[in-house]
Number of protein chains: 2
Amino acid sequence: MQLELSVDRSSPVPLYFQLSQQLEAAIEHGTLTPGSLLGNEIELAARLGLSRPTVRQAIQSLVDKGLLVRRRGVGTQVVHSQVKRPLELSSLYDDLEAAGQRPATRVLVNKLVPASAEVAAALGVAEDSDVHRVERLRLAHGEPMAYLCNFLPPGLIDLDTDQLETTGLYRLMRAAGITLHSARQSIGARAATTEEAERLAEETGAPLLTMQRVTFDDTGRAVEYGTHTYRPTRYSFEFQLLVRT
Amino acid sequence: MQLELSVDRSSPVPLYFQLSQQLEAAIEHGTLTPGSLLGNEIELAARLGLSRPTVRQAIQSLVDKGLLVRRRGVGTQVVHSQVKRPLELSSLYDDLEAAGQRPATRVLVNKLVPASAEVAAALGVAEDSDVHRVERLRLAHGEPMAYLCNFLPPGLIDLDTDQLETTGLYRLMRAAGITLHSARQSIGARAATTEEAERLAEETGAPLLTMQRVTFDDTGRAVEYGTHTYRPTRYSFEFQLLVRT
DNA sequence: GTAGTCAGATTGTCCGGACATACAGATTGA
DNA sequence: TCAATCTGTATGTCCGGACAATCTGACTAC
């Protein structure tokens, strides 16, 4: 069957983007079934009244997302496996909300403190200089799920406790005009100390999932350093990843 | 200072790839310092005797890798933060070897077994049909580090125990002509059972880091399903990730 | 002095074409 | 019958050009 595709040249949205979105929607919706050929680029371009480079750009973006596979001499086809999303830089809050869990946050600490050596190194600021320290308890369905301790350099964002209780940190940062670009993460596990256990309603010595992360904006500045502990019975890290080529 | 760049038109290596590799090397080597402008595309193209689309393709590949940032009206500059690698689909064996640890593998099980419901679902094969089951203990410096249990569909690869002891599973699969494409991972933690503790020389109830993974090739077939447990005192997952744009 | 405006610079998008390269299947030869 | 070769098809690479969108900084007007 013929796929219904069309582009709006009067729209400010780039043509290749319009096309890639329609193709992605068709894949998501099942109109383009896994394994099916996409039809050659030349004809597709002619059918849409676009040039081949534009069509290629649209297809390439979906190849990069892992939705399509190109084979020289064969064609472009939809991958069989259900690709979800390739581990984006998302916040726990958004993840929980998307999963239908009603997330809640209890802000335990929100103040300026002198940076420890560890924090100073991670954020690239001078030791003992002032940094924001935010400690939060993240709940889902009223049950504690994670304990989040974050450090931010000063002057970057105005951290309002009320806002922190109603939304995620990443969303606040994006809203403040910070372009999140990359992050360096480390995921591990360890036994809960008595203090940690108490916070998360676990037993002392119970296994905890830990995550440390330094986030950078597009200028390469470190904009956030966080040390998080999760209850492994309530949370695990799930993600899809692609090979780099 | 002027960066020394040149391309070899007689080489079968694509021109844009030659350029991107030279730029990447210059960034890695420090010749291109973080924050420095790359010079505009037009002039760069003229200097190298290339067309602008070719130069753009080279630059774009580095932008995708997170090494460069483009700004309309400003230019292209090197990001400040030290980007390592964006979480490729690597094997524990390669990771350890790259880190200078001398990895060793002890194959505990290597046989065909009927697929359980869980395995059948992950690999997309019929329940009770034959699948390879491989259990391995991964050691570093003679100390147990991880227990790896993997399942593979039959007919895909010849699993030789000797080879499994001297290299990683992924390397074997790639050598067998399998193109690894994507994987779905889940990382969590739990307390060690007595059996698990014994295998890894830990105490019963000690925290363990767990990872489950289904790997797909470029046709979308599931080619491997694995359940791994790591000693968190010896291993943690470290990776860099980029925002998708 | 401050805000608005304008011009230059640079990347973003798009076009049309050309040739190279690799794959699959049909044809041909032994 | 089987293997080597040819051929068509589709993507991969590359070119040269055109115009649009956006950012920076300087200029101008109030």
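This is a predicted model: local features need pLDDT of at least 70, side-chain atom pairs count only at pLDDT 80 or more; totals for chains, interfaces and linings use all residues.
## How the two chains are related

Chain A is superposed on chain B by a rotation of 180° with 0.0 Å of shift along the axis, and the RMSD is 0.1 Å. The two copies are therefore related as by a two-fold rotation axis. Within chain A, the residue that comes closest to this axis is Pro207(A), whose C-alpha lies at 2.3 Å.

## Contacts between the chains and the nonpolar core

Ser186(A) belongs to strand 6 of chain A, which covers residues 180-191. With a relative accessible area of 18%, Ser186(A) is buried, because the cut-off for buried is under 20%. Apart from neighbours within four places in sequence, Ser186(A) is in contact with Thr210(A), Met211(A) and Gln212(A) in chain A, and with Ser236(B), Phe237(B) and Glu238(B) in chain B.

Phe237(A) also has contacts in both chains. The largest nonpolar core has 32 residues. Those with the most contacts inside this core are Ile187, Tyr230 and Phe237 of chain A, together with Ile187, Tyr230 and Phe237 of chain B. In soluble globular proteins, nonpolar side chains tend to be buried together.

Two packed helices are described by the angle between their axes and the distance between the axes. In chain A, the axes of helix 2 (residues 41-48) and helix 3 (residues 52-65) come within 9 Å and cross at roughly 110°. This makes helix 2 of chain A roughly perpendicular to helix 3 of chain A. On the helix 2 side, Glu41(A), Ile42(A), Leu44(A) and Ala45(A) take part, and they meet Arg52(A), Val55(A), Arg56(A) and Ile59(A) of helix 3. By class, this contact in chain A has 5 nonpolar, no polar and 3 charged residues.

In chain B, helix 2 (residues 41-48) and helix 3 (residues 52-64) have axes that come within 9 Å and cross at roughly 110°. Helix 2 of chain B and helix 3 of chain B are therefore roughly perpendicular to each other. Here Glu41(B), Ile42(B), Leu44(B) and Ala45(B) of helix 2 meet Arg52(B), Val55(B), Arg56(B) and Ile59(B) of helix 3. The contact in chain B has 5 nonpolar, no polar and 3 charged residues.

Asp64(A) is found in helix 3 of chain A. Asp64(A) is partly exposed, with a relative accessible area of 47%. Asp64(A) and His228(A) are 164 residues apart in sequence, and their C-alpha atoms are 31 Å apart in space.

## A positive phi at Asp128

Most residues other than glycine have a negative phi. Asp128(A) has a positive phi of about 70° although it is not a glycine. Asp128(A) is placed in the loop between helix 5 (117-123) and strand 4 (130-140) of chain A. Its relative accessible area is 56%, so Asp128(A) is exposed.

In chain B, Asp128(B) has a positive phi of about 70° and is not a glycine. The loop that holds Asp128(B) runs between helix 5 (117-123) and strand 4 (130-140) of chain B. Asp128(B) counts as exposed, at 57% relative accessibility.

Glu118(B) sits in helix 5 of chain B and is partly exposed, with a relative accessible area of 47%. Not counting residues up to four places away in sequence, Glu118(B) touches Gln212(B) and Tyr225(B). Glu118(B) and Thr194(B) are 76 residues apart in sequence and 23 Å apart in space, C-alpha to C-alpha.

His132(B) lies in strand 4 of chain B. At 14% relative accessibility, His132(B) counts as buried. Residues up to four places away in sequence aside, His132(B) touches Lys111(B), Leu112(B), Asn150(B), Phe151(B), Leu152(B), Pro153(B), Pro154(B), Ile157(B) and Leu159(B). His132(B) and Asn110(B) are 22 residues apart along the chain, and their C-alpha atoms are separated by 7.1 Å.

Note on methods. Residues are numbered from 1 along each chain as its sequence is written. Chains are lettered from A and ligands numbered from 1 in the order in which they are written. Side-chain values use heavy atoms; hydrogens and water are left out. Copies are superposed by least squares on the C-alpha atoms of residues with pLDDT of at least 70 in both. Helices (H or I, at least four residues) and strands (E, at least two) are DSSP runs, numbered from the N terminus. Buried means under 20% relative accessible area, exposed over 50%, partly exposed in between (1.4 Å probe, protein chains only). Contact means heavy atoms within 4.5 Å. A nonpolar core is a set of buried Ala, Val, Leu, Ile, Met, Phe, Trp, Tyr and Cys residues joined through side-chain atoms within 4.5 Å. Axes are lines fitted to C-alpha atoms, for helices over the stretch in contact, and angles run from 0 to 180 degrees between N-to-C directions. Angles under 35 degrees count as roughly parallel, over 145 as roughly antiparallel, 65 to 115 as roughly perpendicular and the rest as oblique. Ala, Val, Leu, Ile, Met, Phe, Trp, Tyr, Cys and Pro count as nonpolar, Asp, Glu, Lys and Arg as charged, and the others, Gly among them, as polar.
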